[in-house]
Amino acid sequence: MLTLQCPYCGVWAEETELHAEGEAHLKRFGPGSSDDQFEGYLFMRENPKGVHFERWRHSNGCGKFFHAARCTTTLQVFGTYSAQTLEPPQEIKDKISETYPGWSWREFS
Ligand SMILES: [Zn+2]
């Protein structure tokens, strides 16, 4: 079972206490965007075999949204962090790079 630590209240919660909210770091498009941009925002998602960034909600706890970085093949969790950031903290990126040499952060679109 996947266990994540809520970065706000510090509680270690099993995934049944949380709610998966999909991919993290989506670039949002709204009014004024092209049809292709809006379609991509609504429907196109990463589905990587490896490092993935996800949005979670501590639904049976403090209720706040946060992000988690984990590997989809090993379920290794590299860390959780505030959903109010545009990219993961450097310490999480360093942990990922230790496990996957050559991995680098990229802007999501
Ligand atoms: Zn919490």
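In the hairpin formed by β5 and β6, with 5 residues between the strands, L75 adopts a positive phi near 65°; strands (E, at least two residues) and helices (H or I, at least four) are DSSP runs numbered from the N terminus. The structure is a predicted model, in which local features need pLDDT of at least 70 and side-chain atom pairs count only at pLDDT 80 or more, whereas totals for chains, interfaces and linings use all residues. Residues are numbered from 1 along each chain as its sequence is written.

β5 and β6 (residues 77-82) pair in the antiparallel sense over 5 bridges, pairing being assigned if DSSP finds at least two bridges between two strands, and the bridge partner of R70 in β6 is V77. β4 also pairs with β5 in the antiparallel sense, over 7 bridges, and W56 stands opposite F66 in β5.

Of the 7 residues of β5, 5 are buried, that is, have 20 or more other C-beta atoms within 10 Å of their own, with C-beta atoms placed from the backbone.

The protein as a whole has 2 helices and 6 strands, which follow the pattern β-β-β-α-β-β-β-α along the sequence. Of its 109 residues, 17% count as buried.

Definitions and conventions: Buried ≥ 20, exposed ≤ 12 C-beta atoms within 10 Å, placed from the backbone.
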